[in-house]
Amino acid sequence: MTGPMSFDYAPAPESRSVVDLRSSYGLFIDGKFADPADARSFKTVNPATEEVLAEVGEAGPADVDRAVTAARRAYTKVWGPMPGRERAKYLFRIARIVQERSRELAVAETLDNGKPIRESRDSDLPLVAAWFFYYAGWADKLEHAGLGADPRPLGVAGQVIPWNFPLMMLAWKIAPALACGNTVVLKPAETTPLTALLFADVCRQADLPPGVVNIVTGAGATGQALVEHPDVDKVAFTGSTPVGRQIARAVAGSTKRVTLELGGKAANVVFDDAPLDQAVEGIVNGIFFNQGHVCCAGSRLLVQENVHDEVLERLKRRMATLRVGDPLDKNTDVGAINSAEQLARIRALTDVGDAEGAERWSAPCELPAHGYWFAPTLFTGVSQAHRIAREEIFGPVLSVLTFRTPHEAVAKANNTPYGLSAGVWTEKGSRILWMAERLRAGVVWANTFNQFDPASPFGGYRESGYGREGGRQGLAGYLA
Amino acid sequence: MSERLDVRKTYKLFIGGAFPRSESGRSYVVNDAKGRFWANAALASRKDARDAVVAARNAQPGWAGRTGYNRGQVLYRVAELLEGRRGQFVAEVSRGEGLSTRKAEAVVDASIDRWVWYAGWTDKVAQVLGNANPVAGPYFNLSTPEPTGVVAVVAPQDSSLLGLVSVAAPVVATGSTVVVLASETAPLPAITLAEVLATSDLPGGVVNMLTGRAAEVAPWLATHADVNAIDLTGVGDADLAGDLEADAAGTLKRVRRPAGAKTADWTDGPGTDRLGWTMEIKTVWHPMGV
């Protein structure tokens, strides 16, 4: 045989029939769906097809106020005074219902977000259930968490989450907040509201008391109204660093507690003694998982100079096998970019990469005619001064830089205002630990990447935000 | 019309996920709280105890090898199934301990919640009992608790369900497997609980239940070389407890002494007291350097 064999994959689409979407959704306040006071709404679309999935209410200040009032009442009358043992059982119920409805929720997530069903089914949804399960167990054990003898809830939490892992981010926010005895008003992202609205039904099935969880959909203005509401005791935000800065300013001088999980520009450092095939898988997972819409994505590859060519050759060969397309297809590796706006941002920054002299290479793949798509791409010849080495692209774009010594790797890895995550690839254990000690990042993955677990704290140094989600430490942001 | 005659249950042992009679062929009379005949329970022998230890040992590596998350789900499943059989347990506890239905309901509810409490600990105990150690040198140094192995438990005599759950659940939550000698006078809820365990996702051999006489069976467990720890909570006779502790010294088993004259109130919050004693702290050193 000459030349490589080519495989054609028959389509293997996951059925949409498990999801029953309504044509429109109101706001979920005090246990009931209700239209916004001024009846404004917006459409949410499937980014893979541009098909409108549903019309969703846009919450204004009056709606946010109603939601916060409901949350306050539930906090004061029901949830705050409830023994942790009973709160725990509500959260266990939610975890179980999420497990029972996981396929439906995974398909809905893929429709609204554009991520491959393989990821929503095998990564997002199992983690959502696990997060509720883990924090359910803490609800009656707070005095054992090492956070003081008599830990108390804060009150009403206003939570604003991003579009990259919509239901998972909801779980990261709601599970610890409720476990600690707080009630919540959560605003999902404008482009991915659907699974949060389905989650409202999960709360209903669990008989969660009205007002404990409230979901207000909308865009930036809705989020701002929530964050700035005077009766919100705690603000939790996951999203971009610029918005995180605005929130930090907005709450300055108040008594509100804040946790922020913001952007990143993680270095993924590959030493010459690393198992290279394994490292290549890790590099691919690090930047192309979820279309690179990951705050902790390994978007800067730092590869030791003497293995640069070999790594790049293997990496390109591997990237050429990635299947880009229909997110509902079970064989798809890389799905759709979440929105036209995000696609434009990725295009603009990669154009800057060309203009500044880096060399672009994209995986040869056919992109669907409709929807928002960007082929897996890498840039070589990138210097630390290039904007594609400094700014978060939040897309399937890898910038490749080189280093010669471990000290140089550390210096380059830390040469960023961010500090969310980092990766190290080497067979030498002592070097892993030496690197981990010096990398200014909240999570360091060694010979692996993008690992998440409810038992493991996650969060950033520096301008990647403050506070940790997950683990025992994840309780701290919701307790006084 | 003649009244229908009820079908009674044969109460047997629970070993390795199966329900055998005692290999000795013996049984003993169990009366209810009013002194009326209730059932003939299996009277466990030395051989039964040894079989139970073998089953527990065989199940232990697999059980400890599960993730804490998975063990938590299994323990939570036990609570779910217990809740589904709540009425049956209320009736048994009420009849065996002579409690009013209301009091028996409170005991059963607390027993269910106790499984939930320990289900939550499976993936947290290492976060509370383990830690990174800031040693004075370029070393990564981490201490984590690991299950000790096979634990023998003499269950409380006076609290046939809640007391039993309170001593057995923490052992399995942390990854050890257990051989329980149930309350001598009120052993039946233990066997009914075994029916719940057998139909939950708990692997066979993780919990093994014996009924019989502590004075006869406990010494075989205390001297057994493949038992790592023994809980004497249910041993009421101080002399026997002392003898068992001395027996356990032969293989340096971890021993939990009985509470003494003070009667335990099992409805009290369980705390973390019973989590650590069946765990070994393992500390790993690794150099840091380029």
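**Close-up 1. Contact residues between helices α2(A) and α6(A) in a predicted model.** A:I94, A:I97 and A:V98 of α2(A) meet A:F199, A:V202 and A:Q205 of α6(A), contact meaning heavy atoms within 4.5 Å. The residues of this contact comprise 5 nonpolar, 1 polar and no charged; Ala, Val, Leu, Ile, Met, Phe, Trp, Tyr, Cys and Pro count as nonpolar, Asp, Glu, Lys and Arg as charged, and the others, Gly among them, as polar.

**Close-up 2. Packing geometry of α2(A) and α6(A).** Helix α2 (residues 84-100) and helix α6 (residues 194-205) of chain A pack at an angle of about 125 degrees, and their axes lie 9 Å apart. The two helices are therefore oblique to each other (under 35 degrees is roughly parallel, over 145 roughly antiparallel, 65 to 115 roughly perpendicular and the rest oblique).

Close-up 3. Of its 49 lining residues, A:W163, A:G239, A:S240, A:V243 and A:R345 are the closest to the centre. (On a 1 Å grid over the protein atoms alone, a pocket is an open set of points where a 1.4 Å probe fits, with protein on both sides within 12 Å along at least five of seven lines; lining residues have an atom within 4 Å of a point.) Helix α8(A) supplies the largest share of the lining, 7 residues. The lining divides into 23 nonpolar, 15 polar and 11 charged residues.

**Notes.** Residues are numbered from 1 along each chain as its sequence is written, and chains are lettered from A in the order in which they are written. In this predicted model, local features need pLDDT of at least 70, side-chain atom pairs count only at pLDDT 80 or more, and totals for chains, interfaces and linings use all residues, while side-chain values use heavy atoms, without hydrogens and water.

Technical notes
Axes fitted to C-alpha atoms, helices over the stretch in contact; angles between N-to-C directions. Helix = DSSP H or I, 4+ residues; strand = E, 2+ residues; numbered from the N terminus.
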